[in-house]
Number of protein chains: 2
Amino acid sequence: MSLVVIGSVAYDGVQTPFGTVDRMLGGSCTYIALSASYFTSVGIVGVVGDDFAQEDVDLLTSRKIGVEGLERVQGKTFFWKGVYSDDMNDRTTLATDLNVFADFDPKLPEPYKDAPYLFLGNIQPTLQKGVRDQMKATQLVGGDTMNLWIDIARPALLETLKGWDFLLINDSEARMLSGEANLKRAAARIMEMGPKIVVIKRGEYGAILFTPEYHFIAPGYLLQQVFDPTGAGDCFAGGFMGYLASKGIEAARAGDDRLELFRAVIYGSVMGSFCCEQFGVDRFRTLNRLEIDGRFQEFKDFTGF
Amino acid sequence: MSLVVIGSVAYDGVQTPFGTVDRMLGGSCTYIALSASYFTSVGIVGVVGDDFAQEDVDLLTSRKIGVEGLERVQGKTFFWKGVYSDDMNDRTTLATDLNVFADFDPKLPEPYKDAPYLFLGNIQPTLQKGVRDQMKATQLVGGDTMNLWIDIARPALLETLKGWDFLLINDSEARMLSGEANLKRAAARIMEMGPKIVVIKRGEYGAILFTPEYHFIAPGYLLQQVFDPTGAGDCFAGGFMGYLASKGIEAARAGDDRLELFRAVIYGSVMGSFCCEQFGVDRFRTLNRLEIDGRFQEFKDFTGF
């Protein structure tokens with residue numbers, strides 16, 4: 001196993017201008033793992049209830065994702081429900097039922113602890129740190145967070161961030177965490193908190209990777225139609241981390257080969273764009289590596305001069 | 001003379017989080033011409049009142065801009081006053097005194113009529129068309145418009161657009177003109193109206209160039225500090241058109257050499273970014289071509305993979 005991913009495994013109810021799905025597989029861990037599975041071998045750590053469907057486990061294992069760390073306990077799986085605005089740039093949460101996720105205490109299977117890559121999806125920062133501490137040989141660790149933890153668990157988050165190689169975060173959260181409105185200065189402040197690399201996600205406008213020495217800007221892919229943006233940021237994370245894992249530790253360290261870091265951002269953008277093309281994880285039921293590399297080449301064509 | 005530019009020549013009062021200037025040189029024609037003057041020979045067509053200062057004429061001529069078409073009439077120069085929001089993404093107009101601009105009837109000096117390049121800055125669409133019709137040998141014509149004309153002069157605008165090679169427009173105006181929320185489909189609709197090329201400006205997020213066959217996305221330059229965004233879109237237009245004019249007609253036609261078109265978008269972005277670094281046109285008092293080409297190289301570095 002190359003990459004361990006932790007986060008939520010959930011059911012989502014989603015309403016977009018293109019339709020409504022009452023209940024479908026979701027969760028940050030799910031999206032990150034599915035996306036990363038196109039690049040490297042992945043094992044997940046999460047918790048689900050006894051209502052979790054075998055066909056959803058099957059989707060994960062069909063992508064060769066290790067589910068040894070997917071704990072199943074009595075009760076219901078985490079459920080989230082939301083509705084998107086007409087332009088898809090905003091969403092309103094209608095329900096957040098933590099269910100079994102409320103008592104999530106991540107336990108890593110022994111073999112996972114030797115994995116070289118770790119991605120900490122968005123969960124409570126102290127839990128993220130606990131997982132990091134269980135790993136024995138991690139050589140590169142990155143993660144995500146959200147406005148809730150910046151707001152209510154800031155000290156724990158700052159403690160957790162100290163041990164990360166990179167942080168993926170969206171623009172409004174970067175501003176909130178750093179107290180800086182300007183993204184360049186926000187990234188500089190966040191790098192002082194620990195992460196050597198900060199990747200700021202800007203939704204439809206793409207993403208920026210910052211290191212102390214340089215930065216790289218990737219535009220968002222222009223889709224004719226965004227069906228459902230749920231999970232796009234997590235798929236970005238999966239593509240970014242998965243690509244780095246596939247290239248080995250050397251490529252993943254800032255300064256060693258910046259072009260591989262830049263390509264990881266592009267693969268992240270590619271995976272995020274595919275995610276939006278269908279509801280939930282549906283696009284990953286048919287997506288293949290040829291399509292992924294084709295879209296990577298498209299990025300080259302519409303950004304190169 | 002290579003490029004004729006038409007538009008407003010004005011005085012602006014501007015308030016940003018970094019300060020207030022009660023009265024300074026502005027206007028679309030002024031910004032476009034200053035920006036384009038780094039790439040090609042420019043002549044302007046505009047009108048000012050008898051209050052227009054000689055030092056402002058001197059700034060234009062110091063950049064070798066032809067002012068033979070700058071008509072001076074009795075009365076006051078067009079005055080615009082506005083205040084920017086804290087994040088600079090919105091602005092509120094406090095005053096629009098058209099003054100002598102209200103009766104602007106553009107008259108082209110004879111030698112201007114033989115220029116191969118024409119850029120129609122944002123003025124009433126019928127006036128834009130009148131200028132286009134006065135030109136004898138124009139080989140490439142582009143222009144700008146605004147929400148006001150899309151709203152109150154739509155038929156005249158549609159008539160005017162038929163004769164353009166390219167339209168530069170911002171994202172919200174592109175949506176308004178086309179009736180399409182999705183930018184890719186908005187651009188396709190606008191190209192059906194006449195322009196062979198559509199460049200959609202996205203403020204801090206950069207710009208996208210569309211042709212019927214392909215598109216190119218340029219991110220915005222990351223400034224540590226935006227002092228005053230007034231004129232940035234016009235400076236984009238000046239850099240874009242100026243660069244194309246410097247490369248000759250062949251390069252400027254879509255399909256002939258797409259990389260030159262893409263580089264024109266980058267030069268547009270470069271000029272827009274410099275514009276924001278100081279109040280009004282101040283950056284152009286010291287800017288030189290070496291700095292411009294240096295920033296063009298920076299774009300290569302932070303977008304190439």
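Helices (H or I, at least four residues) and strands (E, at least two) are DSSP runs, numbered from the N terminus. Over all chains the structure holds 32 salt bridges.

Because this is a predicted model, local features need pLDDT of at least 70 and side-chain atom pairs count only at pLDDT 80 or more, whereas totals for chains, interfaces and linings use all residues. Residues are numbered from 1 along each chain as its sequence is written, chains are lettered from A and ligands numbered from 1 in the order in which they are written, and side-chain values use heavy atoms, with hydrogens and water left out.

The interface is summarised below.

| Item for chain B and chain A | Value |
|---|---|
| Residues in contact (heavy atoms within 4.5 Å) | 31 of chain B with 31 of chain A |
| Buried area (accessible area, 1.4 Å probe, lost on being put together, summed over both) | about 2900 Å², 57% on carbon and sulfur atoms |
| Salt bridges across the interface | zero |

In chain B, the residues that lose the most area to chain A are Tyr205(B), Leu222(B) and Phe305(B), together 31% of what that side buries. Elements giving two or more residues to this side include α6 (171-178), α7 (183-192) and α10 (258-275) of chain B, while the largest share, six residues, comes from α11(B).

Phe305(A) and Phe296(B) form an edge-to-face pair, 5.4 Å centre to centre with 70 degrees between the planes; rings of Phe, Tyr and Trp (its six-membered ring) pair if their centres lie within 6.5 Å, with planes under 30 degrees apart counted as stacked, over 60 as edge-to-face and the rest as tilted. Phe305(A) lies in the segment after α11 (289-303) of chain A and Phe296(B) in helix α11 of chain B, so the pair joins two chains.

Chain B can be laid on chain A with an RMSD of 0.0 Å by a turn of 180 degrees and a shift of 0.0 Å along the axis, copies being superposed by least squares on the C-alpha atoms of residues with pLDDT of at least 70 in both. That is the relation of a two-fold axis.

Notes
Buried area = accessible area lost by both parts, 1.4 Å probe. Salt bridge = Lys/Arg side-chain N within 4 Å of Asp/Glu carboxyl O.
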